[in-house]
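Please look through the sequence and the structure before reading on.

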Amino acid sequence: MAIAADRGAWGSRVGFILAAAGSAVGLGNIWGFPTQVGQGGGAAFVVVYLACISLICGPILIAELAIGRRSQRSPVAAFRVIRPGTPWWLAGALGVLAGVGILSFYSVIAGWTIGYIWFTVTGAVDGDPGAFFADFVSNAPLTVGLTALVMLITAGVILGGVRSGIERFTTTLMPLLIGLLLLLAIRSLTLPGASEGLAYYLRPDFSRMADLGVFNSALGQAFFSLSLGMGTMITYGSYLSRRTAIAGSALWVIALDTSIAFLAGLIIFPTGFSIPDFDPSTSGPGLIFTVLPRLFASMPGGALFGVAFFLLLSVAALTSAVSLLEVPVAHLIDVHGWPRTRAVIVVTAGTMLLAVPSALAGGAVDAFTRLPLLGTDFLTLMVTVWNNVALPLGGLLIALFVAYAWRVEEAVRELQVEGAWLPYPGLWGFLIRYVAPVGILVIIVVTIRALLG
Ligand code: PHE
């Protein structure tokens, strides 16, 4: 197994937390979370989501970081280093595939956000945002072109050293993004209709949970939002030094990621409900693109806020896209000894090919917009396959690996190295041994039964 001579390392603990948060915070928080809340029927989804984060995904985040730091390798190699000669590396291989699969639709949505910077500048969205969005996503040259632009920028960043660039980038822009979100939330909460939106978002209607699909979507969304289940955090953990306490850093990442998603909901739903006849469950992937322009229109200097918003969202999306591309690239370097440049070119080209049907799924090509038999569009199919199936499955394998192959005692020793802070190691062990795997399994079984029944 070839080992890259200089794998690099994070500059500091804060640098690592921000890089990991940069991967976690992205379209998943601001586009994905409100969209899923809308499709899942509101606050009931939020409750299930928070349970998934605290009981299942939080413990798995700590597990991934521990695997990465112990092995100092990207996913496939990491499993091989810790348990050589066993088939556990397949869990890493699933992650490498998921990196390509997720990036293939992620780059399409990131392309939309870049497009919207321009549309806000020119005022093109100002008339009827819904009609504008429908027109835009059915424009093949535009959506494919913007997707290609995102892939090229992402590849460029990965080619030229992720860490100094991205680490510095994220450190300055993340506080700006949070500041802007707070401002928009305040504006949104003072719109007429805000209270109806707030009730929808925060007052759970538990009868909604009879729709068991909510559990699977919430779990998939939680994995997606924290960049879990596909080895991103194993890879980022592999650049950690033994002096960085993992558990404390993980809590920071979870807190940042969850509060930014929560804020996005506080912006979208009060604004949405101030629009007559608004129905969050039918807006699908276009939700934020049709609702937010109305918020900006209601603010003095709104165009400026709009541009700043889509600019910051594009940056947040790019720092996540970079971490998605890094997993297959690091794999080809670590395991197959490829030079970085070749790995980047091959993975980027392959991902772009897979991205084309998603880019054409908004109306440009009928066959991708309404898939034969399934009835959904190609992009939604990708979201379901990768987020709702592949990531929870990857997470299940990671939890089982730590619990029964690597062993919790060994993992706890890694987490407590040099006296690092780990509150209640027994609790973490319990969650990773029983709660996380059983929780994921139950949700998978329930979903399959619901699909069959
Ligand atoms: N967490 C990112 C987001 O919320 C997406 C992502 C998923 C990044 C998986 C890396 C791995 O936008």
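Trp 428 has a relative accessible area of 5% and is buried, where buried means under 20% relative accessible area, exposed over 50%, and partly exposed in between (1.4 Å probe, protein chains only). This residue belongs to helix H18; helices here are DSSP runs (H or I, at least four residues), and strands are runs of E of at least two, numbered from the N terminus. Leaving aside residues up to four places away in sequence, Trp 428 touches Pro 59, Ile 62, Ala 63, Val 402, Val 408, Ala 411, Val 412 and Leu 415, a contact being heavy atoms within 4.5 Å. Pro 59 is 369 residues from Trp 428 in sequence, yet their C-alpha atoms are 6.3 Å apart in space.

The model is predicted: local features need pLDDT of at least 70, side-chain atom pairs count only at pLDDT 80 or more, and totals for chains, interfaces and linings use all residues. Residues are numbered from 1 along each chain as its sequence is written, and side-chain values use heavy atoms, with hydrogens and water left out. The chain has a mean pLDDT of 92, with 96% of its residues at 70 or more; pLDDT is the predictor's confidence in each residue, from 0 to 100. Residues 1-5 have pLDDT below 50, and this stretch has 10 contacts in the model beyond near neighbours in sequence.

**Salt bridges**

Side chains of opposite charge can pair when their charged atoms come close. A salt bridge is counted when a side-chain nitrogen of Lys or Arg is within 4 Å of a carboxyl oxygen of Asp or Glu. The count by this rule is six salt bridges.

One of them joins Glu 326 and Arg 340, with the closest N and O atoms 3.1 Å apart. Glu 326 is in helix H14 (residues 302-336) and Arg 340 in helix H15 (residues 340-359), so the pair ties together parts 14 residues apart in sequence. Glu 326 counts as buried at 2% relative accessibility, while Arg 340 is partly exposed at 28%.

Another salt bridge pairs Glu 409 with Arg 433, at 3.0 Å between the closest N and O atoms. This pair links distant parts of the chain, since Glu 409 is in helix H17 (residues 378-415) and Arg 433 in helix H18 (residues 425-452), 24 residues apart. Glu 409 is partly exposed, with a relative accessible area of 43%, and Arg 433 is partly exposed at 24%.

Arg 413 and Glu 410 also form a salt bridge, at 3.0 Å from N to O. They are three residues apart in helix H17, so about one helical turn separates them. Arg 413 is exposed at 53% relative accessibility, whereas Glu 410 is partly exposed at 26%. Both take part in a network of salt bridges that links Arg 69, Arg 70, Glu 410, Arg 413 and Glu 414.

**Cavities and pockets**

Rolling a probe the size of a water molecule over the atoms shows where empty space is left. On a 1 Å grid over the protein atoms alone, a cavity is a set of points where a 1.4 Å probe fits but cannot get out, and a pocket is an open set with protein on both sides within 12 Å along at least five of seven lines; lining residues have an atom within 4 Å of a point. Grid points are joined across faces, edges and corners, and a volume is the space filled by probe spheres set on the points. There are four cavities of 30 Å³ or more.

| Space | Volume |
|---|---|
| Largest cavity | about 130 Å³ |
| Second largest cavity | about 80 Å³ |
| Largest pocket | about 880 Å³ |
| Second largest pocket | about 300 Å³ |

The largest cavity has 19 lining residues, with Ser 23, Phe 224, Ser 227, Ser 320 and Leu 324 nearest its centre. This lining holds 10 nonpolar, nine polar and no charged residues, where Ala, Val, Leu, Ile, Met, Phe, Trp, Tyr, Cys and Pro count as nonpolar, Asp, Glu, Lys and Arg as charged, and the others, Gly among them, as polar.

The largest pocket is lined by 31 residues. H17 supplies the largest share, 10 residues. The second largest pocket has 15 lining residues, and among those closest to its centre is Pro 59. H3 gives the most to this lining, with five residues.
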